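Subject: Structure for your files

Dear colleague,

Here is the structure I said I would pass on.

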Amino acid sequence: LYRLAGVDPGREQSWTQYALSLLCFHLVGIVALYGLQRLQHLLPFNPQGLESVGPDLALKAAVSFATNTSWQSYGGETTLSYLSQMAGITVQSFLSAATGVAVAVALVRGFVRASVQTIGNFWVDLTRITLYVLLPICLVAALFLVSQGVPQTLDAYVEATTLEGGRQLLALGPVASQEAIKLLSGDGGGFFNVNSAHPFENPTAVTSFVEVLLIFMIGAALTNAFGRLVQDERQGWTLFAAMTVLFLASAAVIYGDETRRHPALATLDVDQAAGPD
């Protein structure tokens with residue numbers, strides 16, 4: 001991969017070279033994702049015959065997913081072809097996550113190497129993080145999601161008959177592979193409009209637990225990586241403890257608010273209990 005890209009893995013970069021490489025890489029990614037969305041009606045893996053994405057929406061999605069800000073203002077199953085989902089959203093979820101980790105590692109190197117002018121090589125960091133961290137985890141996670149009922153297919157959508165005798169179009173696609181990196185990266189590019197609230201993205205209680213675990217995995221692991229890089233794992237555990245305290249405090253406040261009856265519905269005959277019914 002290094003030879004194909006013309007990268008010398010033994011050559012490190014200054015912080016300005018590192019930053020310039022990152023910015024150029026993301027600029028190319030934004031242009032590629034924008035073009036893919038605009039031309040999807042002419043490209044393969046579009047069994048539903050979806051039209052091209054409008055220029056404003058395509059640009060917003062391209063910038064959003066390339067930068068890991070993930071503002072998904074569209075319905076995935078009605079807007080993007082399978083190719084746009086796989087080669088566009090899924091790929092950028094991998095690359096934006098790898099970039100985020102690379103920047104974190106480069107920052108730590110800046111702390112450790114106080115008297116050195118280089119902070120690593122962006123292309124080497126990007127490659128290692130993608131190949132040795134993100135891909136293995138996502139491969140296992142995607143296979144697990146498939147085993148639980150998450151679709152992973154290139155077949156067209158399926159028309160089904162409901163219990164009332166009506167007709168309903170069931171959206172399918174390569175969901176599991178995108179779901180795994182969507183959660184691990186924090187990019188949030190759900191295959192369906194309602195993301196993990198959709199039963200095809202999150203069909204069981206076990207998948208819900210695993211998907212939440214994937215969301216936490218990279219951020220939690222980076223605290224330990226920090227401790228190892230500065231050669232003092234106690235500092236990593238300190239960061240982890242601080243993050244845990246902040247999370248538990250926030251979760252307690254939000255949980256209490258979510259389980260309280262909404263005052264606007266208090267006078268109505270509405271059951272707001274979160275039970276199985």
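Below are my notes on a surface patch, a buried serine and a hairpin. Please bear in mind that this is a predicted model.

Surface patch. The largest share comes from helix α6, residues 122-147, which gives four residues to the patch.

Buried serine. S185 belongs to helix α7, which covers residues 175-185. With a relative accessible area of 11%, S185 is buried, because that class takes in residues under 20%. Leaving aside residues up to four places away in sequence, S185 touches N68, S93 and A97. A polar atom of the S185 side chain also lies 3.0 Å from the backbone nitrogen of D187.

Hairpin. Strands β1 (residues 158-161) and β2 (residues 167-170) run antiparallel and are joined by four bridges. T161 has R167 in β2 as its bridge partner. Five residues lie between the two strands of this hairpin, and G165 takes a positive phi near 90°.

Regards

Terms used:
Residues numbered from 1 in each chain as written. Predicted model: local features only at pLDDT ≥ 70, side-chain atom pairs only at ≥ 80, totals over all residues. Heavy atoms only, no water. Patch = residues over 30% accessible without salt bridge, like charges linked within 9 Å, V, L, I, M, F, W, Y side chains within 5 Å. Areas by Shrake-Rupley, 256 points an atom, 1.4 Å probe, with all protein chains shown as cover. Salt bridge = Lys/Arg side-chain N within 4 Å of Asp/Glu carboxyl O. Buried < 20%, exposed > 50% of the residue type's maximum accessible area, 1.4 Å probe, protein only. Polar contact = N/O pair within 3.5 Å; in protein donor to acceptor, adjacent residues only side chain to side chain. Contact = heavy atoms within 4.5 Å. Pairing = 2+ DSSP bridges.
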